[in-house]
Amino acid sequence: MAKRTTTRSVQRKPTRARRHGHGKERCVAVLKKLSAYIDDELPGALCDELRKHLGDCPNCEEFVLSLRHTVALCRHRPAPALSQAERARMRNDILRAARLR
């Protein structure tokens, strides 16, 4: 049996902090709206507000770029093939959900 080795904590190299003129709470509020922003589901005034924040906040801007890239990759991924049983189960689930409305 192999001897178990212990892991040492890895010390991260300190990164240069990116400065922006607002608090973390502002970024969290913006991040909650990003999905709707990317899907163009927000009113124009709110989009302008988010764009202004993204222009001032390199961390959020980088996050949005990463999220847009991830969404694009998911959209171009082929849909998985479903078996007959999976199709029937999905159809039944949809019909059941429609009856509950």
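Me: How much accessible surface does the chain have, and what share belongs to carbon and sulfur atoms?
Reply: Accessible areas here come from the Shrake-Rupley method with a 1.4 Å probe, and for residues only the protein chains shown count as cover. For this chain the total is about 9,600 Å², with 54% belonging to carbon and sulfur atoms. Keep in mind that this is a predicted model, where local features need pLDDT of at least 70, side-chain atom pairs count only at pLDDT 80 or more, and totals for chains, interfaces and linings use all residues. Residues are numbered from 1 along each chain as its sequence is written, and side-chain values use heavy atoms, with hydrogens and water left out.

Me: Which elements make up the chain?
Reply: Helices (H or I, at least four residues) and strands (E, at least two) are DSSP runs, numbered from the N terminus. This chain has five helices and zero strands, in the order α-α-α-α-α.

Me: Which residues make up the largest nonpolar core?
Reply: In soluble globular proteins, nonpolar side chains tend to be buried together. A nonpolar core is a set of buried Ala, Val, Leu, Ile, Met, Phe, Trp, Tyr and Cys residues joined through side-chain atoms within 4.5 Å. Buried means under 20% relative accessible area, exposed over 50%, and partly exposed in between (1.4 Å probe, protein chains only). The largest core here has twelve residues: C27, V30, L34, Y37, I38, L42, C47, L50, L54, C57, C60 and V64.

Me: Is H53 buried or exposed?
Reply: H53, in helix α3, is buried at 5% relative accessibility. Contact means heavy atoms within 4.5 Å; beyond its neighbours within four places in sequence, H53 touches H22, R26, C27, V30 and C60.

Me: How many disulfides does the structure hold?
Reply: A disulfide is a pair of cysteine sulfur atoms within 2.5 Å. The structure holds zero. For C27, the nearest cysteine sulfur is that of C60, 3.6 Å away.

Me: And how many salt bridges are there?
Reply: A salt bridge is a side-chain nitrogen of Lys or Arg within 4 Å of a carboxyl oxygen of Asp or Glu. There are five, among them R26 with E49, whose closest N and O atoms are 2.9 Å apart. That pair links helix α1 to helix α3, 23 residues apart. Another joins D39 and R75 at 3.4 Å, N to O. D39 lies in the loop between α2 and α3 and R75 in helix α4, so this bridge ties together parts 36 residues apart in sequence.
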